[in-house]
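Please look over this protein and its ligand before reading on.

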Amino acid sequence: MAHRLVGVARDLAPVFEKRAAEWDRTRNYCWDNVRALTDAGIMGMSIPQAYGGQGASFLDVAMVVEEIAKVCTLTARVVVEANMGGISAVMGYGTEAQKAYCARYVLAGDKPAICITEPGAGSAATQMQTTARKRGNRYVLNGCKHWITGGGVSKLHLVFARVLDEAGTEQGIGGFILFADPAGGNVPEGFSVAGRARTMGLCGMPEAELRFKDVEIDAQWLLQPPSGLKRGFADLMNAYNSQRVGAGTIAMGVAAGALEHARRYLLEREQFGRPLAEFQGLQWMLADMDTQVHAARLMLHDAAVSGGAGGHAFPDMTTAARAKLFASEMAIKVVSDALQMFGARGYGDEEPLERMYRDVRMFTIGGGTAQILRTQIAGSILGIRTPQARDGYAEATAATRLAAE
Ligand SMILES: Cc1cc2nc3c(=O)[nH]c(=O)nc-3n(C[C@H](O)[C@H](O)[C@H](O)COP(=O)(O)OP(=O)(O)OC[C@H]3O[C@@H](n4cnc5c(N)ncnc54)[C@H](O)[C@@H]3O)c2cc1C
């Protein structure tokens, strides 16, 4: 399957490449590309065939993402979020009704938004204040999420909240599948998009603040993790390991794209009467870049298959954390080195390098910072819950790992 899907992605890449600067300049969401991805069956390709998808594995998705990230980081993010993360959580843990409902939207071109981060709860995500209190057969959602990728353009939202019973007693953290279509003017009462961050890169993707004021959700849209709400956040975050593989793959793909630009330029540009490609200083830089990209690719592919057989066995937490950490830091360096090889030209916007450099800077921050990933990896090596993670996101995921052993 990977071969065919990668072929489809390669066919689309030249068009995506031409449009990439426009999304960056206008800060518009890449709707044209989303339509092309939908028509090509790439939106929701990881959804099982029983729900209308193609049952592509995370490795298949990663291979497609790399091809697209080489030319357009923004579009690659759409592909990741339409196949990994929120939609994986639903496909892994959802009821039949939840799976069928979400599959329908994603296959029609929706990129679900995953809503965890709050102004007071970033790395320490379990300190979230958003609540969902039971009232009859509904939950009432109150709170605020920020830095939500796709906020304002996504229709499906997986909103994490503290689940309270009717008496107000906390049951744990759960995820709610919430439909809200601000672009189409169809949102539940009390839901609002309160603002959009201006970002240095990935400019066509809205990073929005979402507010919930007494938003009512039918109880059937609570995504029930297998071991119940008490450990709900840890279980649901397992699904997030696939998104980490996706994010790392985007970073690696951008680096691979930059490497290719650099390779061509070294052969073409002459100084001192010779092509740049003949200078050993640049040859060795290029060799290091290539080696680093290749190492990241192997780590990411390893992580993509680390969940075992079956498309929706989630990647192992530590393997995914390692791969994302390595790929995201590697990509910043490799893209910077590629830009360096272009001299002044790389610093200007005639070439895509400056955009790629701004885009790729994000991947050591979003989806678990490099510091938090190191904390998780160290915790896993040592077999302990590290003190700096005790109240946070790392604890929840490390706990899953430790419990599984
Ligand atoms: C472009 C982008 C898209 C995003 N998309 C989403 C999204 O769709 N959904 C969503 O829910 N969130 C999203 N986020 C939010 C992202 O997950 C958070 O930014 C991230 O978890 C870090 O939280 P913070 O920004 O509040 O930083 P903080 O947690 O305040 O951290 C600040 C700094 O301190 C470091 N730090 C914090 N704790 C520790 C520790 N224990 N040990 C060592 N260092 C530590 C961090 O690594 C960081 O360098 C996105 C962020 C970005 C930039």
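pLDDT is the predictor's confidence in each residue, from 0 to 100. It applies here because this is a predicted model. Over residues 391-405, pLDDT stays under 50. The model still has 42 contacts beyond four places in sequence for that stretch. Where pLDDT is low, the predicted coordinates should not be read in detail. For the protein chain, the average pLDDT is 93. A score of at least 70 is reached by 94% of the residues.

## Domains

How is the protein chain divided? It splits into domain 1 (2-107), domain 2 (113-228) and domain 3 (231-404). The centres of domain 1 and domain 2, taken over C-alpha atoms, are separated by 22 Å. Contact between these two domains involves 20 residues of domain 1 and 20 residues of domain 2. On the domain 1 side, the elements giving two or more residues are helix 1, helix 4, helix 5 (86-93) and helix 6 (96-107). That side of domain 1 is made up of 10 nonpolar, six polar and four charged residues.

## Around the ligand

The ligand is surrounded by 20 residues. The closest are I116, G122, S123, T369 and Q371. Which domains each supply at least three residues of this shell? Domain 2 and domain 3 do. Three elements each give the shell at least two residues: strand 1 (113-115), strand 3 (138-149) and helix 12 (370-382). By type, the shell holds nine nonpolar residues, 10 polar and one charged.

In soluble globular proteins, nonpolar side chains tend to be buried together. The largest nonpolar core of this model has 129 residues. Helix 7 (residues 232-268) gives the most to this core, with 19 residues. Which residues have the most contacts inside the core? They are F176, A255, A331 and V335. Leaving out residues up to four places away in sequence, A331 touches A251, M252, V254, A255, V360 and F363.

V360 also belongs to helix 11 and is buried there. Helix 11 (residues 353-360) is mostly covered, with six of its eight residues buried. Besides V360, the buried residues include L353, R355, M356, Y357 and D359.

## Residues worth a look

Most residues other than glycine have a negative phi, and most peptide bonds are trans. W147 has a positive phi, near 55°. W147 lies in strand 3. F272 is not a glycine either, yet its phi is positive, about 55°. F272 sits in the loop between strand 9 (270-271) and strand 10 (274-275).

Strand 10 holds R274 and P275. P275 touches L266, L267, R269 and E270, not counting residues up to four places away in sequence.

Y240 lies in helix 7. Is Y240 buried or exposed? Y240 counts as buried because it has 24 C-beta neighbours inside 10 Å, and the cut-off for buried is 20 or more. F272 has 8 other C-beta atoms within 10 Å, so it is exposed. R274, with 9 other C-beta atoms within 10 Å, is exposed too. The cut-off for exposed is 12 or fewer.

| Residue pair | Apart in sequence | C-alpha separation |
|---|---|---|
| P275 and Y265 | 10 residues | 9.0 Å |
| Y240 and I114 | 126 residues | 9.5 Å |
| R274 and P206 | 68 residues | 45 Å |

Y240 and I114 are 126 residues apart along the chain, but their C-alpha atoms are separated by 9.5 Å. R274 and P206 are 68 residues apart in sequence and 45 Å apart in space.

Key: Residues are numbered from 1 along each chain as its sequence is written. This is a predicted model: local features need pLDDT of at least 70, side-chain atom pairs count only at pLDDT 80 or more; totals for chains, interfaces and linings use all residues. A residue is near a molecule or strand if its C-beta atom, placed from the backbone, lies within 6 Å of it. Helices (H or I, at least four residues) and strands (E, at least two) are DSSP runs, numbered from the N terminus. Ala, Val, Leu, Ile, Met, Phe, Trp, Tyr, Cys and Pro count as nonpolar, Asp, Glu, Lys and Arg as charged, and the others, Gly among them, as polar. Domain bounds come from an automatic or database domain assignment. A nonpolar core is a set of buried Ala, Val, Leu, Ile, Met, Phe, Trp, Tyr and Cys residues joined through C-beta atoms within 7 Å. Two residues are in contact if their C-beta atoms, placed from the backbone, lie within 7 Å.
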